Amino acid sequence: MIKVELAERLRHLPPYLFAEIDRLKQEELRKGADIIDFSIGDPDMPTPGHIVDSLQKAAQEPKNHRYPSYEGMPAFRQAVADWYKRRFGVSLDARTEVLSLIGSKEGIGHIPLAFAGPGDVVLYSSPGYPVYPVSALLAGAEGHPMPLLEANGFLPDFESIPPDVLKRAKLMFINYPNNPTSAVAGAEFFEKVVGFADRHNIIVCHDAAYSEIYYNGRRPGSFLETPGAKQTGIEFHSLSKTYNMTGWRIGFAVGNRDVIAGLGKIKTNLDSGVFRAVQEAGITALETGDEILSGIRQAYQQRRDALYSGLTGLGIQCAKPEATFYLWASCPAAGKNDSRSFAKHLLEKAGVAVTPGVGFGAAGEGYVRFALTVSVSRIEEAVERIGKCRPPASA
Ligand SMILES: *Cc1c(COP(=O)(O)O)cnc(C)c1O
């Protein structure tokens, strides 16, 4: 019998702060409780039919059954470049500036291995996607959170990064439209990022997973639209959220060719690319007409409006999202603004599951995240239930 011991790096992973609420949710479900679940950042709507058809057809082609190329089929990379040109007016060389990913999480998880190691720092916005600090840690580097505060429009304040940290910074993760705060960033912010990265020689990794989930026709821009952006970094995209394809595992990274090459080098040694039939379906997805996407956006917008007016009607403060399918709500002022106890209260008293903000990083304390992956009628029911169980303001 051998003694199985985890490597040092796994023992240093941050605590999984969603564990308690996950366990409570499972317990409630086992008891047969009717839980309205806002804790899942995974679209509830199906992948559009024409994309599924495309996969079926491509899956029948024997040539697609063999190992794909590491960097992605030329046709897929060209479809990405064409989409970028149409959507953002940004030109990309499909051969050197586009890389397929097995979902953007894969690329985000791997990129510090290419550019950061012991003694180096990876800057990341926080609250944020938990993979940013973990990928830094797994590469042996040190993660440094850049807090996103409501007072700053949930944008990081580069001035507050200590000089000794900044000196060692190699890579930076930012994400707009933002998960979990739903904040969007304007062109001025991206210009600031380019200037800052250029001055301090930091590779920018902009996570744009939610660029296509927006409201009122206000389309978020790409980091790569900023003058000089391609000299400083790359952008990660996902087909998961845009086309309801989370299970398919396909995304891509675009931008600076040296950064793309470095990430590609890691991937060549660790994976063998995306199933070609899925890439064929990805091409079909990127060519999807706007009617289908605006239908998806409209569904989220109805949900957003129902939840926003419902929660603010109950005195729960939140910004009205302009993008993403998340709503970032302040915990009631009562008590110690503890996101875990508020989430627990909503689960046990209202049968409503939300994600405690602190699980996305210390700066997320005081908030909970609602994912709009629930139908309007269930949202209305949830608001009614929360209204009945709100603790009095003085509690
Ligand atoms: C969902 C999500 C991803 C990962 O998407 P995949 O392409 O499915 O791996 C990356 N970043 C953020 C912020 C996300 O919310």
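Is Gln-301 buried or exposed, and what is its relative accessible area?

Tutor: The model is predicted, and what follows should be read with that in mind. Gln-301 is buried because its relative accessible area is 19%, and the cut-off for that class is under 20%. The residue belongs to helix α12, which covers residues 290–313. Once neighbours within four places in sequence are set aside, the contacts of Gln-301 are with Tyr-215 and Asn-216.

Gly-117 sits in the loop that links α5 (104–115) to β3 (121–126). Gly-117 has a relative accessible area of 11%, so this residue is classed as buried. Not counting residues up to four places away in sequence, Gly-117 touches Ala-139, Gly-140 and Ala-141. Ala-363 is 246 residues from Gly-117 in sequence, and the C-alpha to C-alpha separation of the two is 25 Å.

With neighbours within four places in sequence left aside, Glu-71 is in contact with Arg-77, Val-98, Leu-99 and Ser-100. Ala-261 is 190 residues from Glu-71 along the chain, yet their C-alpha atoms are separated by 9.5 Å.

Next, the strands. Strand β6 spans residues 203–207 and is mostly covered, with five of its five residues buried. Ile-203, Cys-205 and Asp-207 point one way from β6, while Val-204 and His-206 point the other way. In a regular strand the side chains alternate between the two faces of the sheet. Strand β5, residues 169–175, pairs with β6 in the parallel sense through five bridges. One partner pair is Asn-175 with Asp-207 of β6.

A ligand nitrogen atom lies 2.6 Å from an N or O atom in the side chain of Asp-207. For the side chain of Arg-249, an N or O atom is 2.8 Å from a ligand oxygen atom. A polar backbone atom of Ser-104 is 2.7 Å from an oxygen atom of the ligand. The ligand exposes 390 Å² when taken alone, and the protein buries 94% of that.

Strands of a sheet pair through backbone hydrogen bonds, either parallel or antiparallel. Here three strands in the order β9-β12-β11 make an open sheet with antiparallel pairing. Its edge strands are β9 (326–330) and β11 (355–356), each of which pairs on one side only. Strands β9 and β12 (residues 367–371) run antiparallel and are joined by five bridges. Within this pair, Tyr-326 stands opposite Ala-371 of β12.

To return to the request: Gln-301, in helix α12, is buried at a relative accessible area of 19%.

Notes
Residues numbered from 1 in each chain as written. Predicted model: local features only at pLDDT ≥ 70, side-chain atom pairs only at ≥ 80, totals over all residues. Heavy atoms only, no water. Polar contact = N/O pair within 3.5 Å; in protein donor to acceptor, adjacent residues only side chain to side chain. Areas by Shrake-Rupley, 256 points an atom, 1.4 Å probe, with all protein chains shown as cover. Helix = DSSP H or I, 4+ residues; strand = E, 2+ residues; numbered from the N terminus. Buried < 20%, exposed > 50% of the residue type's maximum accessible area, 1.4 Å probe, protein only. Contact = heavy atoms within 4.5 Å. Pairing = 2+ DSSP bridges.
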